[in-house]
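Open the model in your viewer and show the whole chain. The stops below go from the overall fold to a single residue.

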Amino acid sequence: MVRKRKSPLPGPTDRRIDALLALLTENGTIVISGAKIAKEIGVKRQTVWQWIQTLRAAGVQVKGHPRTGYHIEQTPDVLAPQLLSRRLHGTPFAKRIFHFFKTDSTNSVAIRLSEAGEAHGTVVVAEQQTAGRGRSGRSWISEKSSGIYATILLRPSISPMLAPALTIVAGLAARDAIAEESGLQPDIRWPNDILLNGKKVCGILTEMQAEPDRMHFAVVGIGINVNQAKMHAELAAIGTSLRIETGRFHSRLELLARLLRHLDRYYNQFIAEGAAPILRRFAEVSSYFEGKRVRITTAAETFEGTTAGLESMGILRVIRDDGKTEAILSGTVAEAE
């Protein structure tokens, strides 16, 4: 007999834990009895106690009162589906949100859900990733409950040739959300690295399944460094967080809601009007659009040149130092010294 291998990671957060968190948050100043909580969310009282421990382990400050009940001491900054959904009313992202306290990679989960038929607009969020990844095979360090680790499933009826523009759509949404939350003016390094004071605060990884003439789905993974007090030693010279740049904490829940609302707006504009308005917006907010000295690293070579705008589908043009113009479909872009 073949034994089914047990997954080393837990599945998505139980919807009733999500309901428990929403109930405590909505009644933040009230002590609610264990019996009432159990009745409201449909579990036994002992289960309530167990799940309170789960929330505490996730950093939610729940105070227990002997023979009385529980109340939340401080509004939690957990990316809980019910709390997030209420901020996304009217968008496709409000309907299907999968939350994990820990998972390997939100992109990997979203790909599995996509292959199983999940709908356009499905969102996967995690408090912690054990194998988060970025572009070019790099890993994304996902400190527990300090950043945003989210993936959005999209099913656009477009040619795969337009995938670079779809990536820019996500970058613009993240850029605008960070600008509103921080009060700073982020830069975008093509195609979608968001920079604050020259250091990376957000990265985006778009993966897709497609045929030559149509896209089956795209998953857009977004990682934002939000409340990290300091960056890992190997990233300190090139990475930063909103907290480091502003000197204060930020609500991950509000930031993610801002991001998804902007994504809904830019995505709808892209589908209705094509890539042109998206590329014009990129030109307005990215110093890398034109006239920037850059070093390009592709699978074949590394060279330096000057950026010269985008092709109609979002591909970067770079004029080499010998005068030859290159169209960069993929590769690493860095500011040249």
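Colour the chain by burial: 51% of its 337 residues are buried (buried means under 20% relative accessible area with a 1.4 Å probe, protein chains only). This is a predicted model, in which local features need pLDDT of at least 70 and side-chain atom pairs count only at pLDDT 80 or more, while totals for chains, interfaces and linings use all residues. Residues are numbered from 1 along each chain as its sequence is written, and side-chain values use heavy atoms, without hydrogens and water.

Switch to cartoon view. The chain has nine helices and 14 strands (DSSP runs, H or I of at least four residues for helices and E of at least two for strands, numbered from the N terminus).

Now show the C-alpha trace, which spans about 80 × 50 × 45 Å along its principal axes.

Of the contacts in the chain with a separation of 6 or more, 62% are accounted for by residues 24 or more positions apart.

Next, select Glu127. Where is Glu127 found? Look in the loop between strand E4 (123-126) and strand E5 (147-154). Glu127 is buried, with a relative accessible area of 1%.

Last, show what else surrounds the residue. Leaving aside neighbours within four places in sequence, Glu127 is in contact with residues including Asp77, His99, Phe101, Lys144 and Tyr149.

Note on methods
Buried means under 20% relative accessible area, exposed over 50%, partly exposed in between (1.4 Å probe, protein chains only). Contact means heavy atoms within 4.5 Å.
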